[in-house]
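Open the model in your viewer and get ready to select a few places in turn.

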Amino acid sequence: KFVAGGTVDITAHRILPGGALQEIMAASGGNWGSLAINEEFLKFVGELTEPSIMQTVKETHPDDFLSFMSAFENKKRTFSKDDERIILQVPQSIRDVMCEKLGKSVESHIEEIERTQDVKFQRDKMYIYNEAFTKLLKETIDKIILHVIEVIESGKLKIDSIVLVGGFAECDLLKYTFRTSFPDKRILVPEDPVLAVLKGAVLCGRNPQVLQSRVCRYTYGISTTVDFDEKKFPSDKKIRLGDRILARDIFNIHIKAHETVRIGQKGKPKKYYLNRDDQNQLDLEIYATKSTNPAFTTENGVVYLGILVINVPKSEAQNNASRYFSVSFLLDGTEMEVEAIDSATNKSTGVKFDFIG
């Protein structure tokens, strides 16, 4: 499955008996979606005129800027490799800013810089010819195709079909390139690929059995403290708590990147003990990283996701020295839940956050 929009996410699913889906590869991708094309277009206009022109238009005439970009968005989706050119309506305010910045008409400027083979301005129209417009789209499309090839080859996956969803999936040139690059695959595009993304999320949310497992692209864990070992930990991680010497910021892993996690099934629980007899609150900070074996939550690339705050009422059944909280992670469709169960009271506390992959 290929999701195209602001960024591109590529993953693979196996269809199980009964129609349920099993994710067999962690999602991967990059900034190669529809928004990347928009950025290329703004650079293109800047190269033709002056780099700061579109930023000026955006700040001084925001409605016309949005209208102009919306027109480009439509052309981008319907452009065919056989089209001689595309025609964009240019609001008068944009032409005025261009002429003011250039100190001359846009038409004469395009002739002076010898770009008439790429583009033509005529009254309120901008004509972009096939080769120039194809180049605008092709660089991003080629990055997508290359990554899909790498994913298929690196994972040694037998792929029968490729489904394109998301805003950029409507682009005719993108669909054509996929069909020519993967002639032995079925290239499927829903009638409304933008709506298909939303429908898929809603369907999985309402019926968790549709998607039975996911492959995590991130390692998830909790920041904790452990007894300090000078052979294992740097000195800047050393802290003193009462008569104990501890190491802080330890990344206690609950789920590893590239691990397959079943939807709705709790992961293996881990115990978190209280540090003081008078402790009335336990704060569990939750982190994620693409690294498979992070040692500390302060490492580069580690992202803070949130905190689970647990009130610790006094218990006659168990003193704080032996009291612990059994913490487990559970993937519930598009959300990850962290649950802590008090060993003294058997009461649970939980927090949910968006599953980032």
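Which strand gives the most to the lining of the second largest pocket? Select β12, which supplies five residues. Strands here are DSSP runs (E, at least two residues) and helices are too (H or I, at least four), numbered from the N terminus. This is a predicted model, where local features need pLDDT of at least 70 and side-chain atom pairs count only at pLDDT 80 or more, while totals for chains, interfaces and linings use all residues. Residues are numbered from 1 along each chain as its sequence is written, and side-chain values use heavy atoms, leaving out hydrogens and water.

Next, show Thr224, Thr225, Tyr273, Asn275 and Leu282: of the 23 lining residues, these lie nearest the pocket's centre. A pocket is an open set of points on a 1 Å grid over the protein atoms alone, where a 1.4 Å probe fits, with protein on both sides within 12 Å along at least five of seven lines; lining residues have an atom within 4 Å of a point.

Now move to the open sheet, with its three strands in the order β4-β6-β5 and antiparallel pairing. Strands pair if DSSP finds at least two bridges between them. At the edges, β4 and β5 (119-122) each pair on one side only. Select β4 and β6 (residues 125-129) to see a pair joined by five bridges; Gln89 stands opposite Lys125 in β6.

Finally, pick Asp83, in the loop between α3 (62-78) and β4 (85-89). Asp83 and Asn130 are 47 residues apart in sequence, yet 6.3 Å apart in space, C-alpha to C-alpha.
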